[in-house]
Amino acid sequence: MQFLRPRIKKIVYDAHFDRKFKKYLRNLGGDGRDKVMQSLEIFRNNPFDKKLGTHKLSGALRDYWAFSLNYSHRVIFRFLRSGEVFFVDIGGHEIYK
């Protein structure tokens, strides 16, 4: 028996996330950018893939989730509708504050 994996059909974000993401990519080397893009593709195919370490947040961010791009950087997001997510922020642990 095979379980259906949730596939992300649409990722939406605002200007704040767009600026931070572009700045984040500029600061990475070519190999780092490739790994980030690979993580995003994994997220699209299965947001709960073990490689991403997707987890629900708590406290003031209890309506949000996060997944890892690498050891020290994460993306905070929120599920909207079926197959649609909203990317809120990107960065190190300071994004949780």
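Strands here are DSSP runs of E with at least two residues, numbered from the N terminus. With that in hand, let's look around this predicted model, starting with one tyrosine.

Tyrosine 64 sits in the loop between strand 2 (55-56) and strand 3 (65-68). Which residues does tyrosine 64 touch, leaving aside its neighbours within four places in sequence? Its contacts are Lys56, Leu57, Ile76, Phe77, Arg78 and Val88. Phenylalanine 79 is 15 residues away along the chain, yet its C-alpha atom and that of tyrosine 64 are separated by 7.7 Å.

Now for helix 1. Its 12 residues should span 16 Å at 1.5 Å a residue, and the end C-alpha atoms are 17 Å apart, which agrees. Here is how some of its residues sort out:

| Part of helix 1 | Residues |
|---|---|
| Buried | Phe17, Phe21, Tyr24, Leu25 |
| Exposed, on the face turned away from the buried side | Arg19, Lys23, Arg26 |

Look down the axis of helix 1 and the buried residues fall within an arc of 95 degrees, so they line one face. In general, an α-helix has 3.6 residues a turn, so residues three or four places apart point the same way. The buried residues of helix 1 pack against strand 1 (10-13), helix 2, strand 4 (74-79) and strand 5 (84-91).

How do helix 1 (residues 15-26) and helix 2 (residues 30-45) meet? Their axes are 9 Å apart, at an angle of about 135 degrees. The two helices are therefore oblique to each other. Helix 1 brings Phe21, Tyr24, Leu25 and Arg26 to the contact, while helix 2 brings Arg33, Val36, Met37 and Leu40. By class, that makes six nonpolar, no polar and two charged residues.

Definitions and conventions. Residues are numbered from 1 along each chain as its sequence is written. This is a predicted model: local features need pLDDT of at least 70, side-chain atom pairs count only at pLDDT 80 or more; totals for chains, interfaces and linings use all residues. Side-chain values use heavy atoms; hydrogens and water are left out. Axes are lines fitted to C-alpha atoms, for helices over the stretch in contact, and angles run from 0 to 180 degrees between N-to-C directions. Helices (H or I, at least four residues) and strands (E, at least two) are DSSP runs, numbered from the N terminus. Angles under 35 degrees count as roughly parallel, over 145 as roughly antiparallel, 65 to 115 as roughly perpendicular and the rest as oblique. Contact means heavy atoms within 4.5 Å. Ala, Val, Leu, Ile, Met, Phe, Trp, Tyr, Cys and Pro count as nonpolar, Asp, Glu, Lys and Arg as charged, and the others, Gly among them, as polar. The expected span of a helix is 1.5 Å times one less than its number of residues. Buried means under 20% relative accessible area, exposed over 50%, partly exposed in between (1.4 Å probe, protein chains only). The arc is that of the directions from the helix axis to the C-beta atoms.
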